[in-house]
Amino acid sequence: LFLESFRFIPKLFFQYKVAFATLILVLIATFTFAQNSLPGELLFPLKKIAEKSRAIFVSQEEQPKVQLELANKRLEELAKIAEKNEVKKLAPAIEEFQASIGEAAEKLAKIKEPEKRREVGIKLVPEIKKLEEKKEKVESLGVIVEETEGIEEVMCQLVEREIKNLSTTIEKQTELLDANEIQRYFEVLSEANKYLEEGKCSLALEKILLLSYPQE
């Protein structure tokens, strides 16, 4: 009887192996389907887990950009939901978008070194522009999305410092610059201050960055 029991071991091992392989395939298929899920749907939490696992391997300086990329994805999802008029999914989608924005602002605020924060802030400008464009599309579909206050607040701090630096540059280089260059500096400074007062700090930073490139 003892020896007879050993005959079933290979069979049991094979069955467990098949069951384990099947489970792995099911999990892979589930995560694959989850990539197309929307906020408010059953598989969406799995999609978020996959996104967060990828973000783990990103450096601190790249994390704000990654979070803004996710915020852009959330707006795309929100647009799909609005187009389909899936009312029940609107609130979860808006919450997910706002959470991504808040996390991006938090990641940017954690970068304490001024020069590094400046470099990171510059990289965020294109993503913020995309956010504004997509937000306009969503709102054209009748869905009101709150302003991106979290990230704009941090960007405003960055812009204030850049405006001070620009003012100092103008004072120090007045004798080295010709009249056209000085006028250009003052025009950019004026526009940047205007956007700063309006709270459109990503646009203000974009104006300042134009000084880094030759005019066409």
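Student: Which residues of α4 and α6 meet each other?
Tutor: This is a predicted model, so keep that in mind throughout. On the α4 side you have P64, K65, L68, E69, A71, N72, L75, E76, L78, A79 and E83. Facing them in α6 are V120, K123, L124, E127, I128, K130, L131, K134, K135, K137 and V138.

Student: What classes do the residues of that contact fall into?
Tutor: The contact of α4 with α6 has 11 nonpolar residues, one polar and 10 charged.

Student: And at what angle do α4 and α6 pack?
Tutor: About 5 degrees, and their axes are 9 Å apart. Because an angle under 35 degrees counts as roughly parallel, α4 is roughly parallel to α6.

Student: Let me step back. How many helices and strands does the protein have?
Tutor: Nine helices and zero strands. Along the sequence the pattern reads α-α-α-α-α-α-α-α-α.

Student: What share of the residues is buried?
Tutor: Of the 216 residues, 35% count as buried.

Student: OK, on to the core. Which residues touch the most other members of the largest nonpolar core?
Tutor: L78, I151 and M155, out of the 44 residues in that core.

Student: Which elements give two or more residues to it?
Tutor: α4, α5 (87-109), α6 (114-140), α7, α8 and α9. The one giving the most is α7, with nine residues.

Student: You mentioned M155. What is it in contact with?
Tutor: Leaving aside neighbours within four places in sequence, M155 contacts L108, G121, L124, V125, I128, C201, S202 and L205.

Student: C201 is a cysteine. How many disulfides are there?
Tutor: A search of the whole structure finds one. It joins C156 to C201, with the sulfurs 1.8 Å apart.

Student: Where do the two cysteines sit?
Tutor: C156 is in helix α7 (residues 149-173) and C201 is in helix α9.

Student: Are C156 and C201 buried or exposed?
Tutor: C156 counts as buried at 14% relative accessibility, and C201 counts as buried at 0%.

Student: Back to α9. How does α9 sit against α8?
Tutor: The axes of α8 (residues 179-198) and α9 (residues 201-209) come within 8 Å and cross at roughly 170 degrees. The two helices are therefore roughly antiparallel to each other.

Student: Which residues make that contact?
Tutor: V188, E191, A192, Y195 and L196 come from α8. From α9 there are C201, L203, A204, K207 and I208. By class, the contact of α8 with α9 has eight nonpolar residues, no polar ones and two charged ones.

Student: New topic: is Q67 buried or exposed?
Tutor: Q67 is in helix α4 (residues 63-84), and at 7% relative accessibility Q67 counts as buried. Not counting residues up to four places away in sequence, Q67 touches S100, E103, A104 and K107.

Student: And where is N85 found?
Tutor: In the loop between α4 and α5. N85 is exposed, with a relative accessible area of 58%. Phi of N85 is near 55 degrees, a positive value in a residue other than glycine.

Student: Last one. What does K116 touch?
Tutor: K116 lies in helix α6 and touches E61 and I111, not counting residues up to four places away in sequence. K116 and E61 are 55 residues apart along the chain, and their C-alpha atoms are separated by 7.6 Å. K116 is partly exposed, with a relative accessible area of 34%.

Note on methods: Residues numbered from 1 in each chain as written. Predicted model: local features only at pLDDT ≥ 70, side-chain atom pairs only at ≥ 80, totals over all residues. Heavy atoms only, no water. Axes fitted to C-alpha atoms, helices over the stretch in contact; angles between N-to-C directions. Helix = DSSP H or I, 4+ residues; strand = E, 2+ residues; numbered from the N terminus. Parallel < 35°, antiparallel > 145°, perpendicular 65-115°, else oblique. Contact = heavy atoms within 4.5 Å. Nonpolar A, V, L, I, M, F, W, Y, C, P; charged D, E, K, R; others polar. Buried < 20%, exposed > 50% of the residue type's maximum accessible area, 1.4 Å probe, protein only. Disulfide = S-S within 2.5 Å. Core = buried A, V, L, I, M, F, W, Y, C linked by side-chain atoms within 4.5 Å.
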